[in-house]
Amino acid sequence: MRVVLADDEPLIRAGVRAILASDSGIDVVAEAVDGRALVEAVRAHRPEVALVDIRMPGLDGLAAASEVSRIAPGTAVLIMTSFGSDEYVARALGDGAAGFLLKTGDPREFSLGVRAVAEGGAYLSPPVAARVIREFAGDRLSRSAAARERIAVLTNRERELLALVGEGMSNAGIAARLHLAEGSVKTYMSTIMAKLGVPNRVRAAIIAHEAGLSGAG
């Protein structure tokens, strides 16, 4: 799994690189000191994952992440920051990020997060996940009704895939479960997210939970 790492602090980059180096399946192929350098590195290397700090000079991490999602949809964006405010989380996920890490969390989360998003899944640091759950737990009945209305446009097969996304399964895992080619799962997921009007798997998984799809919790 090839990773481009973006952070304006050399010590942070060195530390994260060292953490990722302990996982033989992860290779940091380039580093960037700001958002514009990140976009160019992604354009050049087409990595599976862009691991991006929020606060960087010039083009900040969130704006750069949005640009990465536009120019390289095959690159999953994993946001990392010391600041876990709800505003940052909402904007990151709304702009298409596949995950959100806190630098103050368990160092093992970096490898776990990179692997999860590289395999087509999503990853949220536990404190972030707790806040997302609390946010979406409010007004549950109306959200549930709205979610059921949204999934009405999906075919039975698409709902089956969405339920597995709600379980946190990767594209590879879904392909194995449903006896499909992984490429077919990716095509299904693109169609599902387009029909639901969501930018990423995190939002799709939330809709699966809210709609009460079988297997989604």
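Leaving aside neighbours within four places in sequence, Asp-53 is in contact (heavy atoms within 4.5 Å) with Ala-6, Asp-7, Asp-8, Gly-61, Met-80, Thr-81 and Lys-103. The model is predicted: local features need pLDDT of at least 70 and side-chain atom pairs count only at pLDDT 80 or more, while totals for chains, interfaces and linings use all residues. Residues are numbered from 1 along each chain as its sequence is written, and side-chain values use heavy atoms, with hydrogens and water left out.

Asp-53 lies in strand E3, residues 49-53; helices (H or I, at least four residues) and strands (E, at least two) are DSSP runs, numbered from the N terminus. With a relative accessible area of 4%, Asp-53 is buried, a term that means under 20% relative accessible area with a 1.4 Å probe and protein chains only. An unreviewed UniProt entry annotates Asp-53 as "modified residue: 4-aspartylphosphate"; such annotations may be inferred rather than shown by experiment, and their positions follow the numbering used here, with feature names shortened.

Next come two helices. The axes of H1 (residues 10-21) and H5 (residues 108-118) come within 9 Å and cross at roughly 70°. H1 is therefore roughly perpendicular to H5, the class for angles of 65 to 115 degrees. Axes are lines fitted to C-alpha atoms, for helices over the stretch in contact, and angles run from 0 to 180 degrees between N-to-C directions. Val-16, Ile-19 and Leu-20 of H1 meet Phe-110, Ser-111 and Val-114 of H5.

Conventions
Buried < 20%, exposed > 50% of the residue type's maximum accessible area, 1.4 Å probe, protein only. Parallel < 35°, antiparallel > 145°, perpendicular 65-115°, else oblique.
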